[in-house]
Amino acid sequence: MRIYLKEGREKKIKHFYPWVFRDEIKKKEGTGIIAELYDSEGNFLALGTYSPKSRIAFRVLSYEKEEINENFFKRRIEEALSLRRGIDSDAFRVAFSESDLLSGLIIDKYSKGVVIQVRSYPMESLKEKVLNAILEVIKPTFVYERSDFKGREEEGLRPFKGLLYGELENPIEIREGEFRFLVDVVKGLKTGFYLDQRENRRYIQSIVKEGMKVLDLFCYTGGFSLYAGSKGAEVLGVDLNEDALELARENARINGVSAEFLKYNAFNFIEETKEVYDLIIADPPAIAKTKKEKESVKWAVWKLAYHSFRKLKRYGRLFICTCTYQMSVEEMVRQLRLASTDVGRRIFIKSVNLQPLDHPYLPTFPESLYLKCIDAIVLN
Ligand code: SAH
């Protein structure tokens, strides 16, 4: 099919923004899920998918006229893999939707297995081609789908999860640097593991020294805890998810790292604890998917920072993350500033860390930046 944009709306597409909203379309010709996009004067702009129900009507897949077939997906996956060469892990995100010109599709590799997530109606219709391409290029032992998230409804799709190919190994053991982790790809959060924190786990390992007291709030399956524990720190991980804590303990055991894990509400723990720490890591869940919920993330950052700043030693550090586009770095810094002045302790911002290589942040697509972590050091 062909889609013609309203006058003036072509500019953002020429500047590599990958989405067209429904109210930007002047007219449509034909039907289908693959569409050629034109400006109001009939000049070709891009090739992509058309979603009949979603607010995001068109998503760019290519800037050339080409066939969207198995070969197209094979080429895209190969390109994505070559960008990721050199990642010191057998688990990483092979394709991150728009960031890899595969809008609506996420492909994660966990050792010899693959987990995918399908986020758009047209990508759902293209799933067989995607699956065949994955089998040919990656040659996994299994492909599992984790499309069990609510956002699919806007696309007219139901949440779904299930095995698409091969024999499932669950939990699956992955290797990341010197560590091994057990990943539950069926019941775990996201597709099972926080692949996007890989570089930050390394960062934490680089700042931890023997004997430090480290608190890992929202520890999930122990990612940060293990990296800190490996340096000889005394580590406590706190989370509410019993299954995750069980895996965290198992992960500590198989790596020969000592760390304690506690089932407790992290917001209450940081408020109630009588201990003081050298490092507090706080990686709360994405509580804001929409603009309206933005206030609750601001509040969470302020509250975690406020109580952390009261429980840190001099020169102690707070490493705090948010994982939603709704929260900007500037807004996080503002909340840290407010919390520090409320507590009466001066801080300095040592580092702002964003997403790793396998979750590319495109400046032409601001929505692709969701993960921000700030390392703040208490000065007095
Ligand atoms: N830092 C982790 C990922 C954290 S994801 C990693 O790198 O692997 C967020 C975690 O917060 C989830 O494990 C979830 O179970 C937990 N969680 C959500 N609300 C919580 C609360 N109020 N108290 C403690 N944990 C909570």
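## A tour from the ligand outwards

Start at the ligand: one of its nitrogen atoms is 3.2 Å from a polar backbone atom of phenylalanine 218. Such a polar contact is a pair of N or O atoms within 3.5 Å; within protein, one must be able to donate a hydrogen and the other to accept it, and residues adjacent in sequence count only if both atoms are side-chain atoms.

The model is predicted: local features need pLDDT of at least 70, side-chain atom pairs count only at pLDDT 80 or more, and totals for chains, interfaces and linings use all residues. Residues are numbered from 1 along each chain as its sequence is written, and side-chain values use heavy atoms, with hydrogens and water left out.

Select aspartate 239. A polar side-chain atom of this residue lies 2.7 Å from an oxygen atom of the ligand. Now take aspartate 283, where a polar side-chain atom lies 2.8 Å from a ligand nitrogen atom. Taken alone, the ligand exposes 580 Å², and the protein buries 90% of that (Shrake-Rupley method, 1.4 Å probe; for residues, only the protein chains shown count as cover).

Show the shell next. It has 17 residues, with Phe218, Tyr220, Asp239, Ala266 and Asp283 coming nearest; a residue is near if one of its heavy atoms lies within 4 Å. By class, eleven are nonpolar, three polar and three charged. Nonpolar covers Ala, Val, Leu, Ile, Met, Phe, Trp, Tyr, Cys and Pro; charged covers Asp, Glu, Lys and Arg; the others, Gly among them, are polar.

**Aromatic rings.** Rings of Phe, Tyr and Trp (its six-membered ring) pair if their centres lie within 6.5 Å; planes under 30 degrees apart are stacked, over 60 edge-to-face, the rest tilted. The count is 19 aromatic pairs. Select phenylalanine 224 and phenylalanine 319: their ring centres are 6.1 Å apart and their planes at 65°, so the pair is edge-to-face. Phenylalanine 224 sits in helix 6 (residues 223–229) and phenylalanine 319 in strand 18 (residues 312–323), 95 residues apart. Helices (H or I, at least four residues) and strands (E, at least two) are DSSP runs, numbered from the N terminus. Both phenylalanine 224 and phenylalanine 319 are buried (under 20% relative accessible area; exposed is over 50%, partly exposed in between; 1.4 Å probe, protein chains only).

Then select Tyr17, Trp19, Phe21 and Phe365, a cluster linked by ring pairs.

**Charges over rings.** Go to lysine 27, over the face of tyrosine 4 at 4.8 Å from the ring centre. Arginine 119 lies over the face of phenylalanine 149, at 4.4 Å. The rule: NZ of Lys or CZ of Arg within 6 Å of the ring centre and within 35 degrees of the ring normal.

**Last stop.** Serine 328 is in the loop between strand 18 and helix 10 (329–343). Serine 328 is partly exposed, at 29% relative accessible area.
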